Amino acid sequence: MSNYILRYGRDDRVKYISHLDFVRCFHRAVRRSGLNFVFSQGFNPHPVMTVAQPLPVGVTSECEYMKVGFVTDMSCGEITAELNRCMPPGFKVYRAYKLKGKEIDLTRINSAEYITEIECPAPADAESLLDEKELIVPKKTKSGVKESDIRPHIFELEDMGFNDGIQTVRMVVSCGSAYNLKPETVVDAMKKYCPGFEPAFTASHKRRMMADGEEPLQA
């Protein structure tokens, strides 16, 4: 058995597909392909896969990661080409990398960079949020919606400009199993702490996921 890391992403055409639907989609693509994936045992075998972090519905990305296994060694180029042939439009595998040991540990991912476009009548002073000692906003958790201080989980916040009613903000926030902060929650904090800011529609794109500031696998 040989283990590989895949870097993949999705665009606007499929950004409203849930994580579970993506997993089912990937299972079908594997069965259509000629690749010798490792399958689980039992009455309902499925390809063994470990996704680094479920992608929120409505967010596009170019930096998702998945660990998969093959029965024998495979060409990284063949893996990428065959999966892209079998995946539906909107999904893309950018790169495959064969693991030689434990040099890439997806559980160490702890931050992500997003570019978020916010439709609004007037821009917020987004960078002023970094001056706040705490940012208390409602945040969805497994046990329901709770008030949470998200300030420790915002590492960078940059106003990239306002044009034609759209404010663009770059943010680096917590991402991973320990704590996952969605861009929409940061926008909620902007609405609460930036006077006069009235956001409407938002669109976010995940550009990087990092483990202690370093990307696990470059595109």
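Q: In this predicted model, why is Glu 127 called partly exposed?
A: Its relative accessibility is 37%. Buried means under 20% and exposed means over 50%. The value for Glu 127 falls in between, so Glu 127 counts as partly exposed. Glu 127 sits in the loop between β5 (111-119) and β6 (136-141).

Q: Why is Glu 82 called buried?
A: Glu 82 has 17% relative accessibility. The cut-off for buried is under 20%, so Glu 82 counts as buried. Glu 82 lies in helix α2 (residues 76-86). Leaving aside residues up to four places away in sequence, Glu 82 touches Ser 33, Gly 34 and Leu 35.

Q: Why is Val 57 called partly exposed?
A: The relative accessible area of Val 57 is 47%. Exposed would need over 50%, and buried under 20%. Val 57 is therefore partly exposed. Its place is the loop between β2 (49-51) and β3 (59-70). With Tyr 16 and Phe 201, Val 57 forms a nonpolar surface patch of about 340 Å² accessible area together.

Q: Which residues of helix α3 (residues 183-193) are buried, and what covers them?
A: Pro 183, Thr 185, Val 186, Val 187, Ala 189 and Met 190 are buried. Their cover includes β5, β6, β8 (154-163), β9 (166-174) and β10 (202-210).

Definitions and conventions:
Residues are numbered from 1 along each chain as its sequence is written. This is a predicted model: local features need pLDDT of at least 70, side-chain atom pairs count only at pLDDT 80 or more; totals for chains, interfaces and linings use all residues. Side-chain values use heavy atoms; hydrogens and water are left out. Helices (H or I, at least four residues) and strands (E, at least two) are DSSP runs, numbered from the N terminus. Buried means under 20% relative accessible area, exposed over 50%, partly exposed in between (1.4 Å probe, protein chains only). Contact means heavy atoms within 4.5 Å. Patches are made of residues with over 30% relative accessible area and no salt bridge: like charges are joined within 9 Å, nonpolar side chains (Val, Leu, Ile, Met, Phe, Trp, Tyr) within 5 Å. Accessible areas come from the Shrake-Rupley method with a 1.4 Å probe; for residues, only the protein chains shown count as cover. A salt bridge is a side-chain nitrogen of Lys or Arg within 4 Å of a carboxyl oxygen of Asp or Glu.
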